[in-house]
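Please look through the sequence and the model below, and keep both at hand while reading. The paragraphs that follow go from one part to the next, with attention to charges, cover and strand pairing.

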Amino acid sequence: MNPHTIKIGRHLTLTEFCTCTQTYRAHANHINPYPANPDASIAALQALGETLIDPIIDHYGRDRFQLTYGFCSTDLRKFLHRTNPQTGLKNGRIDPSRDQHMAHERNQRGRYWCDRLGAACDFRILDVASDRVIDWILAAQLPFDSLYFYGCDRPLHLSHGPQQKRAIWAFTPQNTPTRKNLDPWLRLAREIP
């Protein structure tokens with residue numbers, strides 16, 4: 001397997017998807033960023049790329065698309081749970097049981113980290129507010145599973161999976177999920193087959 005040549009959709013490689021986080025870059029010598037269950041996880045990432053990422057990049061352009069968090073390997077997960085000694089904060093906010101960033105990876109007991117399967121990424125479009133990107137995703141009727149809105153100037157979380165729930169969540173400053181003030185988006189998400 002050459003991760004530099006494996007494509008995740010038309011625009012991205014597996015390497016880009018697995019090495020885009022700040023935590024990976026800070027600890028690259030200690031992290032294997034690639035899937036341990038490559039056949040299933042790569043297929044899920046490719047479905048995410050072809051179904052969601054490709055249309056977004058086709059619309060906004062590759063030069064404006066910035067991937068901030070892609071695939072989460074078991075090694076990366078361990079580092080994201082650690083506390084940064086300089087800041088006293090965790091390296092990352094992750095929830096492997098729900099967020100789909102671990103794709104089809106399995107834990108030591110052989111169970112999927114996330115039973116929802118599929119795959120997820122966080123991204124931003126440079127010079128476009130994230131709420132405007134959500135408007136476009138809904139208008140384009142993209143078949144997403146979950147979409148997390150963290151704020152207009154923050155990346156979006158977008159997942160693709162077998163359920164295609166079209167669930168939309170926002171997060172409070174305390175990182176609590178909410179659906180408050182999302183009625184127009186939720187209505188659009190429900191209206192689209």
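D54 is buried, because its relative accessible area is 2%, and a residue counts as buried when that value is under 20%. The model in which this is seen is a predicted one, and it holds 6 salt bridges. In one of them R10 forms a salt bridge with D54, where the closest N and O atoms are 3.4 Å apart. This pair links distant parts of the chain, since R10 sits in the loop between β1 (7-8) and β2 (12-13) while D54 belongs to helix α3 (residues 38-60), 44 residues apart.

R10 also meets the side chain of D58 in a salt bridge, with 2.2 Å from N to O. Here R10 lies in the loop between β1 and β2 and D58 in helix α3, so the pair ties together parts that are 48 residues apart in sequence. D58 is partly exposed, with a relative accessible area of 47%. As a general point, side chains of opposite charge can pair when their charged atoms come close.

Which side chains meet in a salt bridge at 3.3 Å, N to O? They are those of D131 and R132; D131 counts as buried at 14% relative accessibility, whereas R132 is partly exposed with a relative accessible area of 46%. Salt bridges that share partners also join R10, D54 and D58 into one network.

Among the buried residues of α5 are V133, I134, W136 and I137. Just after α5, Q141 takes a positive phi of about 60 degrees.

Strand β7 (167-171) is mostly covered as well, with 4 of its 5 residues buried. Strand β5 (residues 146-149) pairs with β7 in the parallel sense over 4 bridges, and F149 stands opposite A170 in β7. With strand β8 (residues 177-178), β7 pairs in the antiparallel sense over 2 bridges, and there A170 stands opposite T178. The hairpin of β7 and β8 has 5 residues between the strands, and in this hairpin N175 takes a positive phi near 70 degrees.

The last stop is K165, which has its place in the loop between β6 (156-160) and β7. At 43% relative accessibility, K165 counts as partly exposed. On the surface, K165 gathers with R179, R187 and R190 in a patch of positive charge.

Technical notes:
Residues are numbered from 1 along each chain as its sequence is written. This is a predicted model: local features need pLDDT of at least 70, side-chain atom pairs count only at pLDDT 80 or more; totals for chains, interfaces and linings use all residues. Side-chain values use heavy atoms; hydrogens and water are left out. Patches are made of residues with over 30% relative accessible area and no salt bridge: like charges are joined within 9 Å, nonpolar side chains (Val, Leu, Ile, Met, Phe, Trp, Tyr) within 5 Å. Accessible areas come from the Shrake-Rupley method with a 1.4 Å probe; for residues, only the protein chains shown count as cover. A salt bridge is a side-chain nitrogen of Lys or Arg within 4 Å of a carboxyl oxygen of Asp or Glu. Lys and Arg count as positive and Asp and Glu as negative; His and the chain ends are not counted. The place of a charge is taken as NZ of Lys, CZ of Arg, CG of Asp or CD of Glu. Buried means under 20% relative accessible area, exposed over 50%, partly exposed in between (1.4 Å probe, protein chains only). Two strands pair if DSSP finds at least two bridges between them.
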